[in-house]
Amino acid sequence: MADEKKIAKEIDSNINYIKAKLGVGESFDIVFREYKVGRKRAASFSINGMTNDVVLSNVLEELTAYNQEDMTINTLDKLFYSRATHSQAKLLTTMNDAITSLLSGEMLFFVDGAEQVIVLDARAYPARAPAESNIEKVTRGSRDSFVETIVFNTALIRRRLRDPNLRFEIIKVGTRSQCDIAVCYIKDITNTELIATVKDRLNNINIDGIPMAEKAVEEYIVGGSKWNPLPKVRYTERPDVAAVHLLEGHVCIIVDTSPNIMILPTTLWHHVQHVEEFHQNVVIGSYLRLIRLVGVLLSLILPPLWLAFVLSRQLLPESLAFLGPQEPGIIPIGIQFLLAEFGVELVRMATVHVPTAQSTALGFIGAFMLGDIATKVGLFGNETIFYTAVAAVGAFATPSMEFAMAIRLFRVTILILVMLFKVPGLLGGLLAVFLLMLTTKSFNIPYLWPALPFNFSAMKDVLFRLPIPNKILRPAVLKPQDQDRLKSADEQKDTNKNKGNKNK
């Protein structure tokens, strides 16, 4: 960095520098205090609302309770190694590191005559308790979810993975925000090239701050075109989902201030699987997965397919002659679909923004006044409302909100193509979507794997909810260091030996 100012021996120099840098006296939340440690002067800096006052009071009491005759030489070393009883304490030598620690919520303790500063980590961030996720709800399973505090989130993962090889590497992003980002992986499973790529891209982020947290980080680190609507990472609020992906060899990125954990790399199939399937019987779980896949497919193709047949009735066989509007309405059918899509999106956005107490009333307005009344006055045909509703339900059944939004965009685009070119527009639109998925990659992983390139055993796993004991191999496309989930021969031998000793 350009300004690598060292900690000065004169305490007044250090105090004046920090006061000028942080605007002590201008900003009310910077807390400054002076002390006497024996015959030495001392001073502390902290941020109001980001530290635990009880812990700091106890530590400061220990630091300042020294006899004068004991404080003549090596004062800082004596304080740090004998009196700083707090477990999370460190020594720093540069002002840049000290100020970064202070702004992260830690306390600085200067002693006159020392070229180092004691940093005490007694942070108490404003935080909410883990609660059930509003997005990834399940009928069975854990009810805790990630929160906005990074240390809480790492603890939730560590609770589920007591693996000594689990790593959380901190990277600070943003020249002004200095946001903490934890790169999470299992050292002896995850591909080392993937880890290096993720950390390199994070370190290369050059921006003043990332107030939009994980989404801003995603736009920096994913490759390919930024105009591609297909999501290349998966977000989750559930610690169990993050733990499952870590065991497969994925990397998780935890951004401080965000409850959404980023999982990478991902394929198409990661966005259509839900944790509910793994809390049900194997057959029931497979049934739910297939129903969800059919719902996602219908969400994409049903409205444009029906519209293409209606606009090209000469291509319909006799058995499908019933297709088509019985009462077409006063607006052309294609425009009806676009207006219906616009109405559904408007109601969805309004539901997100209004208070919970008003969401029921908003749903009633959207369903009755906009839907039922519109058909009665002849603006929309009944079939238009029906097929739009089926597509909307399919989209809401998609676990990944980002993938559901991409499907909606594709559906509207294909509807416009069908309005302009009829059946050729339908075929061309579907082909364009397929080619986009075929050429999309997430950290060099093909988006359609294991369908293309084809992998039979992996394809069974994405189409059906296989029994957990049968899922021995990790996804080959991730190139994990440890390819199976079984214990090695030495580990199994040690386990049997320990069991034998316990029985004795």
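## Aromatic rings in a predicted model

Phe 109 is buried, with a relative accessible area of 0%; buried means under 20% relative accessible area, exposed over 50% and partly exposed in between, for a 1.4 Å probe and protein chains only. The model is predicted, so that local features need pLDDT of at least 70 and side-chain atom pairs count only at pLDDT 80 or more, while totals for chains, interfaces and linings use all residues. Residues are numbered from 1 along each chain as its sequence is written, and side-chain values use heavy atoms, leaving out hydrogens and water.

Rings of Phe, Tyr and Trp (its six-membered ring) pair if their centres lie within 6.5 Å; planes under 30 degrees apart count as stacked, over 60 as edge-to-face and the rest as tilted. This rule gives seven aromatic pairs. One of them joins Tyr 35 and Phe 109, and it is tilted because the planes stand at 40°, with the centres 5.8 Å apart. Tyr 35 belongs to strand S1 (residues 30-37) and Phe 109 to strand S4 (residues 107-111), so the pair ties together parts 74 residues apart in sequence. Strands are DSSP runs (E, at least two residues), numbered from the N terminus.

Phe 386 and Tyr 387 form an edge-to-face pair, 5.1 Å centre to centre and with 70° between the planes.

The accessibility of the paired residues is as follows.

| Residue | Relative accessible area | Class |
|---|---|---|
| Tyr 35 | 15% | buried |
| Phe 109 | 0% | buried |
| Phe 386 | 48% | partly exposed |
| Tyr 387 | 14% | buried |

How values were computed:
Helix = DSSP H or I, 4+ residues; strand = E, 2+ residues; numbered from the N terminus.
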